[in-house]
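User: I would like to go through the terms used for this complex and see what each one rests on. Please set every value against its definition.

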Amino acid sequence: MFPTPIQKTPRSWQITYQSFLPIALIMWLLPLIAVAIFSVKPEGDFSAGEYWSLPSTFGGWENYGKVFFQSDMPRYLLNSLLITVPTAIGAVALACMAGFALGIYRFKLNLWIFFLFVAGNFVPFQILMVPVRDLTLDLGLYNTKTGLVLFHIAFQTGFCTLFMRNFIKGLPFPLIEAARVEGIAEWRIFVYIVLPLMKPAIAALCVLIFTFIWNDYFWAIVLTQGVESQPVTAGITSFNAQFRAAYHLMSAGAIVAALPPVAIFFLMQKHFIAGLTLGAVK
Amino acid sequence: MSGVVLQDVVKRYSDVQVIHGVDLQIEDGEFCVFVGPSGCGKSTLLRMVAGLEETTEGKISIGPRDVTRMDPAQRGVAMVFQTYALYPHMTVKENMGFGLKMNGHPKAEIAEKVAEATRILKLEQYLDRKPSALSGGQRQRVSIGRAIVRGPEVFLFDEPLSNLDAELRVEMRVEIARLHKEIGATMIYVTHDQVEAMTLADKIVVLRGGYIEQVGAPLDLYRNPDNKFVAGFIGSPAMNFLEATSKGDSIEVPALKQSYKLPVAMPADGTRVILGIRPEHIEIDKSGDTLAVDLTEALGGTSYDYLVSDNGEKIIVEERGDERSQEGARVGITFDLERAMLFDAETEKRIR
Amino acid sequence: MSGVVLQDVVKRYSDVQVIHGVDLQIEDGEFCVFVGPSGCGKSTLLRMVAGLEETTEGKISIGPRDVTRMDPAQRGVAMVFQTYALYPHMTVKENMGFGLKMNGHPKAEIAEKVAEATRILKLEQYLDRKPSALSGGQRQRVSIGRAIVRGPEVFLFDEPLSNLDAELRVEMRVEIARLHKEIGATMIYVTHDQVEAMTLADKIVVLRGGYIEQVGAPLDLYRNPDNKFVAGFIGSPAMNFLEATSKGDSIEVPALKQSYKLPVAMPADGTRVILGIRPEHIEIDKSGDTLAVDLTEALGGTSYDYLVSDNGEKIIVEERGDERSQEGARVGITFDLERAMLFDAETEKRIR
Amino acid sequence: MSTATLAKSEYEQENRSWYKRNEISITPWLFMAPAILFFMVYVIIPIFQSFEISLFEWDGLGAREYIGTDNYVELWDDPAFYTSLRNNLIWLILYLLAIPAGLFIALFLNQTVVGIRLYKSLFFFPFVISQVVVGLVFTWFYDPTFGLFNTVIGWVGLGPINVLGDPTYVTYGIIAAGLWPQTAYCMILYLTGLNAVDPEQIEAARLDGAKGWKMLWYVVVPQLKPATFIAFVVTIIGALRSFDLISVMTNGGPFGESRVLSFYMFEVALSEYGFRMGYGAAIAVVLFLIMLFFIAYFLYSMYRDERGR
Amino acid sequence: DGHKLSGEMKIFLDTSNPAPRATFEGIIAQFDEMHPDLKIETTIIDRDAYKTQIRNFLTANPPDVATWYAGNRMLPYVTTGLFEDVSDLWTGDLAAELASTKTAMTIDGKQWGVPYTYYQWGMYYRKDIFDELGLTVPTNWEEEKANCQKIVDSGRKCYTIGTKFLWTAAGWFDYLNLRTNGYEFHMALTAGKESWTDDRVKKTMANWRELIDMGAFIDDHTAYSWQEAIPFLVDGQATAYLMGNFAVDPIKAAGLTDDQLDFYQFPLITEGIPMAEEAPTDTLHIPSGAANKEAARAFLKFVATPDIQTSMNASLGQLPVNNKASVNTDDKFVKAGFEMLNNASALAQFFDRDAPAEMAKVGMEGFQEFMVRPDNLDQILQRLEKTRERVYK
Ligand SMILES: Nc1ncnc2c1ncn2[C@@H]1O[C@H](COP(=O)(O)OP(=O)(O)OP(=O)(O)O)[C@@H](O)[C@H]1O
Ligand SMILES: Nc1ncnc2c1ncn2[C@@H]1O[C@H](COP(=O)(O)OP(=O)(O)OP(=O)(O)O)[C@@H](O)[C@H]1O
Ligand SMILES: [Mg+2]
Ligand SMILES: [Mg+2]
């Protein structure tokens, strides 16, 4: 293990390390901690110019109450959920199938199609902006959650397929051969053998895609507008316009918007990190 | 009847040919072992029988049926893989019954067949475990069980024991032998392990570079190899080969500084030949001094002497018991001329 | 002088003790092999000598120096790992020279030492390859080369050959033996392979559960084990153990339905003892009928008969040559009483 | 004993359906069809459409007018374009700092002490948060009146610096905000990479006398190559995709000094004063060509790996 | 109205600040009450976001009523046929009552919407600080500068401003240019008929520069939105704010009272040039893709009626467009504005409403840059000129 395990170092260094850890963490998260503190400060602290003092009283209830009951935040959160969940399901489903095809079968175009997905996934997606917006308009899906979901599914399919294909490629191939010798139809091999084995990958991808899509801002502003379909990342700007310069409320809003992916990350940490690294490193 | 017949079978991967026209007949109920060095095409040949690799040319029949172009599932074969290939998310019972279930067999029939296989392999107490909760040997037993359940005409094994440790390997080897006795189906078995081949096979097929070198019963190959390759491949430690030249009805062996008269049809004078003697057929002659003892190894029950001749050829001698020669000493050797073999140095064919 | 001395060495991981006070003296230039079942602490002990594990208690000296608390790099040891542990991004040459480079030796010196090691190990043509372009045996040679280059007083090997296939293992074993002869440094070698231990060692240390069971020259351990564990562990196939009871100056062996009188100091009447006979020391008596032949295996030079007694005990007999018994027949056995051993059933200690 | 019990029907149907006979060659295409369809429609074809649109003058409302390469000609002497290009380069270069920074933090956290798992997750935190929120947080962080940044540099007698309002600092300020989550990402990649470093090699190197930086440089870093490669890929992509932060933090300002290509493209095509679809598409094409350079490199590396295994 | 309105009516509003938001909600509720069968759905979009979104929703999912701005700003939607011709509403009494805004709503001889409010721009200043420093309301440029110098000397800034979203700087340009060169030149310039490198423009910029060089504006204004600039006024770091009347509400909300805050007209610069004012008009339109145009027309009419105009603008704190409506004279800012605009020689909409979008964007960016780097003036003007050549071609 590198660096040398702390247990094997002198006592003095161990203590230094142990005490430096929390300090480093606080420094690292300083901007966030500041926002968290902002969000529970009462309005008065700001008008009094007390930005960096501890909250004079706990204003959290009021601030967060405003976020939830006097703004469109709940609606935006719901929109985000309605966009994120179908996207995760759709993209992962498509990728499972495509990954299976690319990971298991040997055919001429295999590598080319795989690279098509990979290359598409690397594209700076802004370049799709004009045509995709147009397409969405033509389909009558502009400013609908469906329009956003369809695009997200399509674009995330690139990454998901890369991930799934590499994962499936890592499965022991004799499993497939054993099933073929047993006379099991190809689609049944997918359903009964490959799919169950992909569970961890599916979990990882779902979590990952959830975060990616939840945090998407660009497509949200390109393909949607208005409270009926915009997700919370875009909603937060309207929210901030509504409460401009009301830092306690803006902070509370930011924290509310950021919370779901953070919660997912903490709940599914193992899968999340596996997803990030496995997808990338294979 | 369900023997397996390969007629002039060829396998090519794009432009590399890896199997060069193999003809082979495996009788019904026979235990046939493919051996040969790594990369010689053992697995490829086995997988062609299974239908997992396409046959480029030639014909493969199982029993009366030509299966050359059939799907694996239709050939009536079952395969046991080196890595077991158990479905990790299914219990032992489900693993064994899966094939039948997917092909729509009634539950009662599946249960019955699984029970039968379980009995044969003594897996009763593991039926509800997942493969991950089994030892390597148990896993391999389950994978054999899965093959049995399908009731195939031919069992195919691809190095089934090479992922097991030495002790388990011996155990499973005995188990497979017993299984063959019990169900009597045709079995084709790929291994690179001498001992497995010798002890399990009714018939050993020695492959090299995509060609069959020799086919025969284990002891026939040991006693009566057709060529230098088979002679060297079968038997451990490997046969000693010494360069020699024919002269009249004898051969001259420079390493031993002596002529020998072997009971074989001698080739023309001056032909370069090779004398083959197995280490276990050589006795040390302490009074001799033609060879130097380079190294000795005592294993307790047996010892090996590594001898070097003055012209640099090496000879291994297996000695019974724990006596061994002195390292650095000089000795001679004697051997039974009946058991020595002669090969043509060019063609490597046996001279009989 | 650079022998290695371990004095009352103890290793604890938090609250698990895995080495229980080991005392051991390894002479300068000696080849010492640690054997024992998996998990007995072989690697741990070796790594303590290397300095890769801290020594909880006791003292380790190399030559005159107490190295117990020293850094690995300063102990004058070099280690060869089971997985080779070559740096994958460096060429063979860089791998071998890395240690010297790190310690700031001049380039010329490094080149010279690498050349020397290369010569010893015949690695000339691979110098510029990366490890990934080498075969297993070549990689292991490089890793030994890396050890040689550093010119250590003590070489440490942790199962260096167990990732190689059978053939290569034999080859590398001989190579290591030769290396030891050539450079004559002290070597400590961990293995679980019988043959390696027997053939390489000047001194074998048999470990079990963190204790030393016996230390001695290979053949001494074979011929004269101190207890049942060592007797069963050394020799292959393993010694047969049969239950017996002492009666007067003989022992009664139910499996063989016979009494034997062994030249040892017999314990009190009725003591449960164990009779140990090595497979290679048993002869089949075709006229007998105490045992059933369960299975026979012919390997060419030797055959094994697996016998079962009526009370279910198993006996393996090694037969020389290719004769073997008939499976299913009933036979008796004879053996040389001088070579049979007796152990106390309780303490498993040898009764001499 | 005969055990030939396979039902006849299972292997002796001679006249099977066409699908059955070609199952293995058709199945992959059936499985890939939906993904390919989606990907074509929404990703691959639009890339080419961008090329096409870039040859038109079009406000997104009325009819398009074919103008050949005029958009590119205009781009050629559009100072805003060069500002964006320059900023993109700065992003590309400085964003790479996330890689060593991530490695450094990963090394710092690669220990087994109580609670280290929690520390690792908390250090990873910034990556999970939306860039929009990161942008907001940093906007306040940099605020010239009350921002923590100026408060802190005030302690050492510097500032105040109007980071986001000053054209000389603004791009660096935004990149710093972007480096925060990106470093966290690289850190996780390296933590996983460090887990995979062969401990025996570390031990071998210890015996060889390598320590500290030497160990890191000669033994550890080379083994982290896969992680470094991925970190490189995601960082490059991240740098070229940078949009959210700029949009949230400065909206391209002050006077367009913090624009990058992707933002400029959005601005001319879809913002309040924009709606020049053709011009936006032309910028898109330039951005794509830059990325193509990297994509080709990534694909080549992957191709080598695929062949290699 | 003759018959009942029914169905649904979608209204998109950009009135995202709290006061206007509430006002409109009130009006709509009133309208809703009058038409029980009509279901009204209101969407309020952030004012800045609205400006980019209007294109999308006009083509993709047009509402029945949408807010927008008069002048050049509505031109693209008129030429592309996205706004409904509502000339039919500009007949009868209403036409007479709205006459003053008719030109701003007319393109190609047709009217494309109905205004609902307009408001004055001018200096909102800290009366208490002026008193403290002994300053009087300036009436010409010299006084303005003299005042400013005293303010700067007292350690304050003269003007607060937040230029993050650019248009606030355009307010300064508009007034400086109107006062330096007059209404005609300003309109010709924004209409692309005059060169940006003209000496007259340079004169305007030179005047502006005097203030910049004095340190009249707060530091770091590029980092702030217009709302974020308010605290500087409130806590006395700056004494005046050139803004539209909509700023009064948030400034008061931030803690200033009528005693502290007052208003004065942007002072005279070039002697003899008549005083024209900025008076942006906010308007309502019917997208041509609207589903319920009947209801939409009714709503537009309703909003323009004197009663509604009176109550609406009272609560907006702005000026009614209907000349029959009464101005809320209780509000001193509204009153001042009303008087000022009544006496104005001419009314300009605003830079980004008078100039086409692209020109406006480049122009405002230039103004912002100028405020930070006045030395770049020549470069900036050249850039504007180049844009003018392209945009108006
Ligand atoms: N897909 C393939 N494409 C090209 N050549 C292949 C392919 N699969 C196998 N080969 C080649 O065919 C030859 C035979 O391979 P095969 O796996 O049958 O050997 P084997 O005898 O089973 O070896 P081992 O003992 O190592 O398993 C080898 O030379 C191998 O390189
Ligand atoms: N880090 C550790 N913490 C706790 N126990 C350990 C640790 N490392 C090893 N052990 C225990 O110490 C004992 C000895 O391990 P060691 O690796 O020395 O065995 P070994 O003889 O080398 O076995 P093998 O033949 O399998 O390599 C084992 O029981 C092992 O479980
Ligand atoms: Mg094989
Ligand atoms: Mg070990």
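Predicted model: local features only at pLDDT ≥ 70, side-chain atom pairs only at ≥ 80, totals over all residues.

User: How do you know that chain B and chain E do not touch?

Analyst: No contact joins chain B and chain E, and their closest C-alpha atoms lie 50 Å apart. Chain C and chain E do not touch either, with nearest C-alpha atoms 50 Å apart.

User: What makes up chain A in terms of helices and strands?

Analyst: Chain A holds 15 helices and 0 strands. Both are DSSP runs numbered from the N terminus: helices are H or I with at least four residues, strands are E with at least two.

User: Why is helix 13 of chain A called largely enclosed?

Analyst: Because 10 of its 11 residues are buried, helix 13 of chain A is largely enclosed by the rest of the structure. Buried means under 20% relative accessible area, exposed over 50%, and partly exposed in between (1.4 Å probe, protein chains only). The buried residues of helix 13 of chain A include A:Val232, A:Ile236, A:Phe239 and A:Gln242. For chain A as a whole, buried residues make up 65% of the 282 residues.

User: Which helices do the buried residues of helix 4 of chain A pack against?

Analyst: In helix 4 (residues 60–69) of chain A, A:Gly60, A:Asn63, A:Gly65 and A:Val67 are buried. The buried residues of this helix pack against helix 2 (30–38), helix 5 (73–104), helix 13 (232–242) and helix 14 (247–267) of chain A.

User: Which spans of chain A does UniProt list as "transmembrane region"?

Analyst: The unreviewed UniProt entry lists residues 20–40, 76–102, 109–129, 149–168, 189–214 and 245–268 of chain A. UniProt positions are given in the numbering used here, feature names are shortened, and annotations may be inferred rather than shown by experiment. In the model, residues 76–102 of chain A are 100% helix and 0% strand, with end C-alpha atoms 38 Å apart. Residues 149–168 of chain A are also 100% helix and 0% strand, and their end C-alpha atoms lie 26 Å apart.

User: How much of residues 169–194 of chain D is helix?

Analyst: That span of chain D is 96% helix and 0% strand, and its end C-alpha atoms lie 35 Å apart. Residues 89–110 of chain D are 86% helix and 0% strand, with ends 33 Å apart. Both spans are among those that UniProt, in an unreviewed entry, lists for chain D under "transmembrane region".

User: Why is E:Thr59 called partly exposed?

Analyst: Its relative accessibility is 35%, so E:Thr59 counts as partly exposed. E:Thr59 lies in helix 2 (residues 47–59) of chain E. Beyond its neighbours within four places in sequence, E:Thr59 is in contact with A:Leu137, D:Leu61 and E:Leu82.

User: Is B:Lys122 buried or exposed, and why?

Analyst: B:Lys122 is exposed because its relative accessible area is 52%. B:Lys122 lies in the loop between helix 3 (107–121) and helix 4 (136–149) of chain B, and has a positive phi of about 55° although it is not a glycine.

User: Is B:Glu159 buried or exposed, and why?

Analyst: With a relative accessible area of 12%, B:Glu159 is therefore buried. B:Glu159 also has a positive phi, about 40°, without being a glycine, and is found in the loop between strand 7 (154–158) and helix 5 (166–183) of chain B.

Technical notes: Residues numbered from 1 in each chain as written. Chains lettered and ligands numbered in written order. Heavy atoms only, no water. Contact = heavy atoms within 4.5 Å.
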